[in-house]
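Hi,

Here is the structure I promised to pass on. Have a look at it first, and my notes follow below.

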Amino acid sequence: MASCFQQPDVNEDSVNDDTTVLFSTSSDSPEAESFTLSPPSSSSTFQLYRFPSQTVAHQYSSKTAAYTVSVRNLSYTIHQSSWPWNKNPNEPKPPIINILKSVSFVARSSEILAVVGPSGTGKSTLLRIISGRVRDQDFDPKSISLNGCAATSPTQLKKKCGFVAQEDDLLPLLTVKETLMFSAKFRLKEMTSQEREERVEILMQELGLAHVADSFVGDREEEDRNHIRGRISGGERKRVSIGVDMIHDPPILLLDEPTSGLDSTSALQVMELLSSMAILKQRTILVSIHQPSYRILQYITNLLILSRGSVVHNGSLESLEDAIVNKLGLKIPVQLNALEFSMEIISTLEEDKYSSLKARYVLSDNDRKKEDAEAELMQSNYLMCQLESNSAEKPQSLNSLFEILVLCERFWKVIYRTKQLLLARTMQALVGGFGLGSVYIKVRNNDGGGGGGVAERLGLFAFSLSFLLSSTVEALPIYLQERRVLMKEASRGAYRVSSYMIANTIVFLPFLFSVAILFSVPVYWLVGLNPSFLAFAFFTFVVWLIVLMASSLVLFLSAVSPDFISGNSLICTVLGAFFLFSGYFIPKECVPKYWIFMYYVSLYRYPLDSLLVNEYWSVRGDCLVYHQQQQQQQHYCLLTGNDVLKSRGLERDTRWLNVGIMVGFFVFYRVLCWIILVRRVSKTTI
C-alpha cells in the first residue's frame, strides 16, 4: 500500500515485444509486419514496426505502468456569486448548481471507458477533475484513487494523467515534428537531445504522423493569412494534440470529445489509435464522446452514461442493451444501437436508476454495511498514502535557462513565419520613414524668420510618436493566440511564466531594433535634423525605446483583454489618452488637477521631450527666429534654441533621465503582464 503511486510491475507476457510500436501507415517497408486489431476495421491498417534503436524503443514502450482509476461518490457544485453591491438581506441567496452528483465507477488499464450523455451533463467536468485540472479548494482527496490509493492533490493526478482538451491549442506556424519536439523539450528535460529526438520519431510513428512530420499544424485562417501550404487535416491535428499530451508517456489518458468536429473516417481512425494504445501500452483511457457510431462502439470497453450529473448506466454495451430490453421492456429500433436509443430514453433510464437506488438503500441493510466498510477502507488508504506521498514527493527544480532558450527558439520560428507581421512592420517602418521624410524634407532652419521650422519639427516628432506607438497593434492577435497555449503549457508545469516573459523580451529586442533603424534612417536625413552622428544615434535609440514601450503595453493589454475587438478598443483608448496628455495639445499648466496624473504616466511625454532636447540642446545659444529691420539693417533675435526648450519646461538636459523612465515603462508593463498571467495560470483548468 505504501507504493501505490510508484510505477507498478508489468506483466511481461502482456506485451509480445518491447521494441514494437503501433502506428497507422501504408508503408511497403519489408521490415513491417501486418497486424490487425480486433475488431477489424476496413478504414485503416495498423502495423508493427521494429525500430533499429532497440534501447530507445525499449525505454519508451516497455515496463508501461498499469493503473486502475476508482472514483467513488464524486460530487462537484458551483456556487453562483451575487453582485458585490447587493447587500439586501431579503434577497434570496444565489443558487447552487450541482454539476456532478455522487458519480462512482472504475476504469481499468488496457480498456477504454467512454463517458456519454447529453450536453451539460458534466462529462468535461468529470474528466477535468480526474486529470487534476481543478482548483485545490474544489478537490475532494477521498473520491479518486489510483490502484486503491487515494489521490491527495490535483498535482499528483496531473503527474499520472495526460489530458487532451476538446480544443486543439496548438501554434499553427509550427510543423508537426516541431510541435512534438518542443513538447518533449519542456516535459522531458532530463533526457538528452538525441533521446528526445528518437522519442518524437517513435511517437510520430505510433500516431501515424510520420508522413506529415514537416507539414504545418496551422488552421485555415493562418493558411490564408501567411500563405502557408501543406496544412494537416482535422484528424491529424487531433492526433498531434494527443501526442503533445502523451509525450511523457502517462499511464492514464483522458480525452474530452476527441471525435468532435471530425468526419466519420477520421473519428474512427482516432478511436482505433486509442484502442491500440490501450492494448499495447496498458494505458487506462477515458474519453467523453457524443453520439458515437456503431463502428466506434466496437473499440469502447465500458460506458458511463450521465444524465444531469448522475450516473444512469455503468457497464458494457451488452449490459445496456440487456437493461433496456429485459428490465425496461422496451424494444430498440433496428436503425439505432443501444447507446443511441438510450439518449432518447435518458429520462426513463434516470427514473429507473433512481428507483433502484432507493430500493437498494431502503431494503438492503447488508449492502449498506458493505458500502460503509468500503468507505472506511478508502479512508484508511487515503491516510496511509497521504503520509507516504508527503514524505516521498520532492519539489521539481526547473531549468529556467533551458526553458528560456527553448522558448526563444520557438518565438523566433513563429515571428519569422508570420509573414503578415514581418511585412506589416517592415512596410510601416519604411513607408512611414520615407513618407514623413518627403513631407518634411529639408525643413528650414528659420534663417529668414517666421518660426515655421520649430513648429514643423515639433509636429514631426509628435506625429512620429503617434505613428510608432499605434503601429504595434497588429501584434495583438499573435499575443491572444499564444495566450491560450501559454495557459495550457504553464498550468501543466511545462515552463514558468517568467521564462516565457524573458524569452519574449529577448526575441523582440533585436526585431524591434531593426524596425527602429528602418524608420529612423530615412526620416532623419531627409528632414535634415541635427547633423551630429551622436544626435542621430540617440534619435534611433529613442525610437527603439518607443516601439519597445508600445510592445510592452500591447502585451499587457492582451493579457487583460478577452478578445481582439475589446483589446483593440482598449489599446486605442489608452493611446489616445496618452497622446492627449503628452503636453503637445494641452500644456501642463492647463491640465485639470484631477487629470494631472495622466501627464506623468503618458508614454508620449518623455520621448517627445527627449527628441526636442536632442535636437536643440547643442544649438540652445543659436538664434532660430530673428527680426530684420530693413531701414537700419539690424537683426533682432526673437527665438533661440534655449527658448524652445524653456517653452516645454526643459531647462536641463533630461535626455538620459527620460531614457530611464522609458525603460521603466517598458519593464513595468511587462511585470504587470507577468503578474496577470501568473494569476490566470493558477486558476486555469485547461
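Among contacts in the protein between residues at least 6 apart in sequence, what percentage join residues at least 24 apart? It comes to 75%, with contact meaning heavy atoms within 4.5 Å.

Before the rest, the ground rules. This is a predicted model, where local features need pLDDT of at least 70 and side-chain atom pairs count only at pLDDT 80 or more, while totals for chains, interfaces and linings use all residues. Residues are numbered from 1 along each chain as its sequence is written, and side-chain values use heavy atoms, with hydrogens and water left out.

The overall picture: the protein has 24 helices and 15 strands (DSSP runs numbered from the N terminus, H or I of at least four residues for helices, E of at least two for strands). Of its 686 residues, 51% count as buried (under 20% relative accessible area; exposed is over 50% and partly exposed in between, with a 1.4 Å probe and protein chains only).

Now the sheet. Six strands make an open sheet with mixed pairing, in the order β9-β10-β11-β6-β12-β13 (two strands pair if DSSP finds at least two bridges between them). Its edge strands, β9 (161–164) and β13 (310–315), each pair on one side only. On average, neighbouring strands of this sheet are turned by 15 degrees against each other, direction ignored (axes are lines fitted to C-alpha atoms, for helices over the stretch in contact, and angles run from 0 to 180 degrees between N-to-C directions). β9 pairs with β10 (residues 252–256) in the parallel sense, over four bridges, and Val-164 has Leu-255 as its bridge partner in β10. Helix α10 (residues 317–327) packs on the sheet and touches β12 (302–307) and β13, its direction making about 115 degrees with that of β13.

On to the rings. There are 27 aromatic pairs in the structure (rings of Phe, Tyr and Trp, the last by its six-membered ring, with centres within 6.5 Å; planes under 30 degrees apart are stacked, over 60 edge-to-face, the rest tilted). Trp-595 and Phe-597 are a stacked pair because their ring centres are 6.0 Å apart and their planes at 20 degrees. Both residues are partly exposed, Trp-595 at 38% relative accessible area and Phe-597 at 45%. Phe-668 and Tyr-669, by contrast, are edge-to-face, at 5.5 Å centre to centre and 65 degrees between the planes. Of these two, Phe-668 is partly exposed at 44%, whereas Tyr-669 is buried at 8%.

One aromatic cluster is formed by Phe-513, Phe-538, Phe-541, Trp-544 and Trp-656. Arg-655 lies over the face of Phe-538, 5.7 Å from the ring centre (the criterion is NZ of Lys or CZ of Arg within 6 Å of the ring centre and within 35 degrees of the ring normal).

Val-134 sits in the loop between α2 (123–130) and β7 (144–146) and is buried, at 10%. Leaving aside neighbours within four places in sequence, Val-134 is in contact with Tyr-76, Arg-128, Ile-129, Phe-139, Pro-154 and Thr-685. Of those, Pro-154 is 20 residues away in sequence and 6.7 Å away in space, C-alpha to C-alpha.

Arg-237, in helix α7 (residues 234–245), counts as buried at 14%. A polar atom of the Arg-237 side chain lies 3.2 Å from the backbone oxygen of Val-217.

Cheers

Technical notes. A polar contact is a pair of N or O atoms within 3.5 Å; within protein, one must be able to donate a hydrogen and the other to accept it, and residues adjacent in sequence count only if both atoms are side-chain atoms.
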